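Subject: Structure handover

Hello,

I am passing the structure on to you below. My notes on it follow.

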Amino acid sequence: MSKATWIRAAVLIGAVGALEIACRSGAIPATMVIAPSAMVVALVETLQSDDIGAHLSQTLSAVAIAMSLSIVGGFVIGFILNWVPFLRRAFSPFLAAYYAIPHFAFYPLLIVIFGLGSTPLIVLATLFAMVAMILATMAGLDRVPRVLLKTARIHRLSLLDEIWRIRLPAAAPHLLSGLKLAVAYSFIGVIAGEFILSTSGIGHEIAFAYDNFDNPRMYALILFVLAIVTTFNMVVYAYERRLMRRRGA
Amino acid sequence: MKTGATRLATVATSAQPDVHARLEGVTRIYPPRAGHGEVHALGPISLDLRAGEFFSVVGPSGCGKSTLLDVLAGLAVPSAGTVEFEGKPVRGEVPDGVGVVFQEDASFPWLTVEDNVSFGLRRSGVDAAETKRRVDFAIGFMGLRDFRRAYPSQLSGGMRQRVCIARTLVLQPRLILLDEPFGALDQQTRLLMGDELLRLWRETSATVLLITHALDEANLLSDRIGVMSARPGRFIEIVETGWPRERDSRLAERPDFGAVTARLWSYLRAESMQALGQGSMAR
């Protein structure tokens, strides 16, 4: 293990350990935060309870749909904007200002339009995540070196081959960082939406536990969300690292 | 490559025995864009490339050397005039049999050396055995045998340029166009790469056109050297070196070597000063 890995592990273990001690000794009351070990126990119990399955599958399937929509849609839109300069000129001010919008303020409106249920959540999360993918796709395609495109012409590649064999692999590092953002933003979009206005889903369960002073269940679910998002990101990150190591970046 | 000689023979017996590629009255004018009016980059320029010769182009910076190469390769369409390769017109598409190597690193960072080299043969209709034979040959020829599975990021600039040359080589080009391929390399590497280029030229019998800004590199490598004027570039002189076909960088020791370089510089000096003067508007 490298020095950096040691430091990282030490900080993580130290922080969790300190929290554990602070909670167990009563320095932090259980009404505020429960000990990390208690969170794990609560998580195991929560996952065994009957009603949790439906909440999990609702949230995760909403995330999966939003993620797929924003990655595929973001890529296609980014590609089109990169390809058609006047469209790009028309839309780029919107894209630049996009993340200044407090998306969640529009959530009630989405419920009015789409009704209660998964649809407004998916729409919210997709709106939130897709633009990150659009921007990353455009940045990646912008940075494909011109000499590689010339090389494509020398090899007399068809347009599809040029895109598939040159533009996409050349833009891959940017596409991957867009993908990572889209994954994270989809989770945030769905879970935060459930927090605000929903009758089911993990976000709602966390809010519900909070309202009922059910700290063990609340922290168990927070831990669960954290674990899932981290795992997902680690998988993409590992793939990205492998790719980048080859490229020497 | 044994097949080189036979291929060349068929070229030489076609209607125009000696001319492999021909530019006639070619100009290239870039349309006006924001900030400046139209730019007359090149010509009118005419050139007959003889089959199997090593021809270099030198000229002041911004004189349209690269434009000349792009037009000849079919990467750019001339504003006026005609381009022919092996008797057929070239217009907006790179003809079969033409290979191009650029100054910038054009290796694909996501592919191994081997996959980079075989890139042009995949989906080309060349069968697997022949592909393997050609790739092995090109990798061996360019001294990349120990780096087959390496990625370009693990190689030096000179090695990456070898990868690009090998990638061109597997397509068995009959005309190789090189746009300052060693421009980003250090002097020693340049000299060695020059020797390898000469060896490649001799063994493949291809016609070579090299764009360079280094006068002694042009002198050392070439049978003929076209000296271009400041923009819009045309040939102000074509110098025949008269060097033997078997030659390498030791040619520089010959007493008459310096005389040719000096001659090139005498043509170029005034043009270069003029180019410096218009530097502010150079493309």
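Which residue stands opposite Leu210(B) in E8(B)? It is Leu178(B). Please keep in mind that this is a predicted model.

The sheet in chain B

Strand E8 of chain B covers residues 207-211. It also runs parallel to E3(B), with 4 bridges joining the two. In that pairing Leu210(B) turns up again, as the bridge partner of Ser56(B).

Is E8(B) mostly covered or mostly open? Mostly covered: of its 5 residues, 5 are buried. Thr207(B), Leu209(B) and Ile211(B) point one way from the strand, while Val208(B) and Leu210(B) point the other way, and the residues on both sides are buried.

These strands belong to an open sheet of 6 strands in chain B, in the order E6-E7-E8-E3-E9-E10, and the pairing in it is mixed. Strand E6 (98-101) and strand E10 (235-240) of chain B are at the edges; each has a single partner strand, so one side of each has no neighbour in the sheet. From one strand to the next, the twist averages 15°.

For E6(B), the pairing is with strand E7 of chain B (residues 175-179), in the parallel sense and over 4 bridges. One pair to look up there is Val98(B), whose bridge partner in E7(B) is Leu175(B).

A helix also lies across part of the sheet. Helix H8 of chain B, residues 257-277, lies across strand E3 (54-58), strand E9 (224-228) and E10 of chain B. Relative to E10(B), helix H8 of chain B runs at about 175°.

Helix packing in chain A

In chain A, helix H3 (residues 52-83) packs with helix H4 (residues 85-97) at an angle of about 120°, and their axes are 6 Å apart. From H3(A), the residues that meet the other helix are Ile80(A), Leu81(A) and Asn82(A). Their counterparts in H4(A) are Leu87(A), Arg88(A) and Phe91(A). By class, the residues of this contact are 4 nonpolar, 1 polar and 1 charged.

Domains of chain A

The contact between them involves 8 residues of domain 1 of chain A and 5 residues of domain 2 of chain A. On the domain 1 side, the residues divide into 5 nonpolar, 1 polar and 2 charged.

Contact between the chains

How many residues of chain A are in contact with chain B? There are 14, and they meet 13 residues of chain B. On the chain A side, the elements that give two or more residues are helix H7 (146-154), helix H8 (159-196) and helix H10 (215-247) of chain A. Among these, H7(A) gives the most, with 6 residues. By class, the side of chain A that touches chain B has 6 nonpolar, 3 polar and 5 charged residues.

Regards

How values were computed
Residues are numbered from 1 along each chain as its sequence is written. Chains are lettered from A and ligands numbered from 1 in the order in which they are written. This is a predicted model: local features need pLDDT of at least 70, side-chain atom pairs count only at pLDDT 80 or more; totals for chains, interfaces and linings use all residues. Two strands pair if DSSP finds at least two bridges between them. Axes are lines fitted to C-alpha atoms, for helices over the stretch in contact, and angles run from 0 to 180 degrees between N-to-C directions. Two residues are in contact if their C-beta atoms, placed from the backbone, lie within 7 Å. A residue is buried if 20 or more other C-beta atoms lie within 10 Å of its own, exposed if 12 or fewer, and partly exposed in between; C-beta atoms are placed from the backbone. Ala, Val, Leu, Ile, Met, Phe, Trp, Tyr, Cys and Pro count as nonpolar, Asp, Glu, Lys and Arg as charged, and the others, Gly among them, as polar.
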